[in-house]
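Hello,

Here is the structure I promised to pass on to you. Have a look at it first, and then read my notes below.

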Amino acid sequence: MNFLKKTRLLWLFLTLALARSAKACSVCAVATEEARYAYYFTTGLLTLMPLFMIGGIVYYIAKKYR
Amino acid sequence: MAEVATADVSHDDHHHEHEQTFWSKYVFSTDHKIIGFQYLFTGIAMAIIGGYFAYVFRMQLAFPGSSVPFFGIVSPSAYNSLVTNHGTIMIFWVAMPVLIAAMGNFLIPLMIGCDDMVFPRVNRLSYQIFLLSAIVLIASFFVPGGGFGGAWTAYPPLSALAKYNATPFGAPMWLIAVALEIVAFLLGGINFITTAMNARAKGMRMYDIPIVVWMIVIASMLFMASVGPLVAGAVMLLFDQTLGTTFFDASAGGDPVLWQHLFWFFGHPEVYVVLLPAMGIVAEVMCTFARKKLFGYKLILYATVGLGILSFFVWAHHQFISGVDPRAAYLFTTTTLLISIPVAIMLFAYIATLYGGSIQFTTAMLFALSFLAEFLIGGVTGIWLGSSGTDIYLHDTYFVLAHFHYTFFPIAIIGTFTAIYYWYPKMFGRMMNETWGKIHFWGTIIAFNGIFLPLFFLGAAGQHRRIYNYQNFPDLAGDNMQDLRVFATISLVIMLLFQIPFVINFIVSLKRGKKAGKNPWKANTLEWVAPSPPPHGNFPDGMPEVYRGPYEFAHPDREDDYWPQNEPGNQKPANK
Amino acid sequence: MRYAEASYSGEGALERQPPIANSVLGMILFIMTELMFFAALISAFLIIKSTVGVWPPEGQPRLPVLVTAINSFFLLSSAVTLFFANRSYRQDAYGEKTLKLLRNTMYLGILFVAIQGFEWIRLLSYGLTMTSSQYGAFFYLIIGTHALHAVGAIVGLTWLYKLMKERRLKQQTFSAGQLFWYFVVGLWPILYVLVYLT
């Protein structure tokens with residue numbers, strides 16, 4: 001039991017790895033591989049831009065207030 | 001400093017009384033209160049239209065093929081137009097105008113102790129654009145082909161090609177109406193944020209601002225940051241519809257999923273845009289009628305900021321089965337489940353506010369309490385939908401519909417009623433009738449649950465959305481299921497009938513309600529310092545100065561159980 | 001109005017000036033929204049470009065990279081003249097130098113839009129239209145949206161010029177107008193690189 005506890009992280013990763021290979025969805029894909037990366041990149045871009053912009057303004061105002 | 005030294009011609013016009021005609025006072029006014037009323041009444045009118053559409057299509061679902069009283073026979077394409085425009089109207093022309101534009105416009109300058117918004121003419125322009133957008137939308141119902149029928153989510157190719165949606169004029173008009181509405185709210189949002197940040201009363205620090213003002217400000221920021229992609233997508237869709245471009249046409253190098261990518265980037269933060277003002281309104285009402293300080297003001301504020309940040313990370317949970325990379329589902333499921341935490345924190349803080357309070361069950365308070373209960377149901381049912389595994393089964397069923405009505409209805413309808421019952425004395429100088437208010441409350445809430453509770457079961461049993469007649473599907477046409485549909489429809493009719501007392505109460509109280517003083521609810525925030533109704537310029541006895549936080553109820557140093565923000569007194573440190 | 005200006009100290013007003021003046025804050029918020037709008041257009045562009053694969057598609061006219069590069073120089077110079085106009089404004093708000101620099105900004109902006117328009121007409125005659133390909137569609141969509149914003153910004157500058165001539169242009173209004181111009185100019189290199197050079 002102690003061995004299992006000590007190596008629990010390893011088991012976690014193994015489980016995740018196995019779970020990943022079980023995914024064999026033949027229709028789950030965007031048109032091309034490049035499009036997939038374009039979706040990831042633009043997801044990141046659209047998500048992070050507002051956070052940085054608003055965060056920047058808030059930071060600037062906070063600094064000026066001091 | 002250049003701005004003080006330069007002569008400014010534009011702001012002399014309020015230093016003296018000026019003759020105001022009916023038109024300049026009520027139609028072309030730049031006064032934030034009048035503009036707030038304009039939004040409120042337009043929103044209520046649109047709610048009647050949206051509610052009427054719901055009545056018609058629910059009658060069709062309950063009694064398929066029969067002629068619906070006050071409408072006629074509902075054809076399949078008419079059904080599509082009805083559900084599309086019901087959704088669109090309720091989100092864009094009811095929830096947002098009433099909760100953000102009407103309440104924000106009316107309350108923000110009053111609550112922060114200021115005489116008007118910082119950009120009053122932009123404010124007036126925003127309403128004019130909004131009114132135009134409502135007119136365009138309503139006009140779309142009367143053009144050949146009728147109103148747009150591609151669902152409020154407007155997925156292409158259905159929404160892009162008239163050969164699929166059969167509404168060649170309605171579809172572009174719908175897009176233009178939505179685009180105009182978005183512009184109106186951008187202008188409004190700029191006003192709210194700048195006013196709240198820059199024009200506060202002397203002594204009002206960041207944490208002395210009433211929570212509803214913060215909520216509207218944060219909601220405006222969320223809206224402004226998230227709506228750009230929708231406008232971009234809408235422009236592209238409009239071009240696909242009218243110019244023959246192929247942005248979303250897979251056969252010509254386009255991608256329909258691109259529309260979803262852009263739409264839901266906006267669509268998800270949008271629900272928080274409408275949620276936050278409603279939560280703010282409920283908080284104000286609960287503090288006043290529990291005679292207790294808001295529990296965890298800063299906690300709520302930071303949770304809201306966290307919610308806002310997270311809301312940009314969850315949007316693909318609307319797209320779990322549209323063919324996106326399933327590994328993306330890992331991320332979006334996790335973030336979706338995480339986002340329930342800030343909302344739960346806020347709800348728990350509200351419950352903690354009530355704990356130990358001295359609760360007064362006025363109509364406004366009843367609605368505020370029911371918000372908590374109903375929204376809770378809506379929120380927890382979202383967990384199943386946010387998890388990609390269960391969503392694969394539940395997507396596009398009535399389970400989703402019941403979930404979002406259990407969240408949206410508290411936000412848009414219960415939130416609106418809470419606000420109206422609470423601030424009506426301030427807005428119109430009269431009290432509404434409490435007995436009729438309570439009748440309205442119980443009729444609305446019980447009937448509301450009667451509509452949507454059955455829909456959870458129908459959805460779990462496999463009933464898909466946006467189908468005009470379930471008799472065509474043997475699995476879904478059974479008596480049990482049809483009985484639930486009829487039950488839901490009858491509940492809807494009852495609920496609509498119970499709105500009649502509200503309308504009568506509203507109108508009659510304008511003239512025959514008991515006169516309200518400045519502060520009938522004995523609340524602390526600055527809007528209760530102004531006369532009821534507030535005149536042009538808001539505070540005729542001089543601008544208030546703030547000495548403490550907005551929720552100092554039952555303070556040990558006071559005889560009264562409330563301590564208005566603008567009353568000097570023992571200078572105790574405010575809201576900690 | 002008097003009070004909501006928040007620029008008066010004295011009875012009832014804020015104890016100190018807000019960190020960012022009203023008009024400037026309002027313009028910053030507006031520009032943030034516009035940036036998201038353009039980010040979405042660029043996102044759509046990147047996604048469709050990678051979906052289509054061969055870019056530019058065969059048979060489509062090539063874009064006038066060199067002419068537009070020179071044109072970009074005009075636009076960027078207009079930002080420089082506007083910057084100096086602001087400096088001049090701080091010294092002598094309504095002097096001839098300030099007016100001249102603002103005028104030059106406007107002229108450079110108009111020149112930019114005019115040359116773009118001319119190039120567009122040529123491209124249309126060569127067969128690059130919104131419906132000829134995704135390439136054409138995105139070109140007109142993105143560059144056209146930018147052009148619309150440039151035209152709007154020129155109208156804004158004209159308004160500022162009018163106020164300046166009437167000797168009633170406040171610093172915060174001028175700053176707000178400048179911000180929008182810098183936004184339009186600053187956005188252009190990104191669009192140029194993405195749309196013309198790839």
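Helices here are DSSP runs of H or I with at least four residues, strands are runs of E with at least two, and both are numbered from the N terminus. Along its sequence, chain A follows the pattern α-α-α, with three helices and zero strands.

Before going on, please note that this is a predicted model, where local features need pLDDT of at least 70, side-chain atom pairs count only at pLDDT 80 or more, and totals for chains, interfaces and linings use all residues. Residues are numbered from 1 along each chain as its sequence is written, while chains are lettered from A and ligands numbered from 1 in the order in which they are written.

How much of chain A is buried? A residue is buried if 20 or more other C-beta atoms lie within 10 Å of its own, exposed if 12 or fewer, and partly exposed in between, with C-beta atoms placed from the backbone. Of the 66 residues in chain A, 17% are buried.

Now for chain B. Its helix α10 covers residues 297-311. The buried residues of α10(B) include B:Tyr297, B:Ile300, B:Thr304 and B:Leu307.

Finally, C:Gly186 sits in helix α5 (residues 171-196) of chain C. C:Gly186 counts as partly exposed because it has 14 C-beta neighbours inside 10 Å. C:Gly186 and C:Leu75 are 111 residues apart in sequence, and their C-alpha atoms are 9.3 Å apart in space.

Happy exploring!

Definitions and conventions: The expected span of a helix is 1.5 Å times one less than its number of residues.
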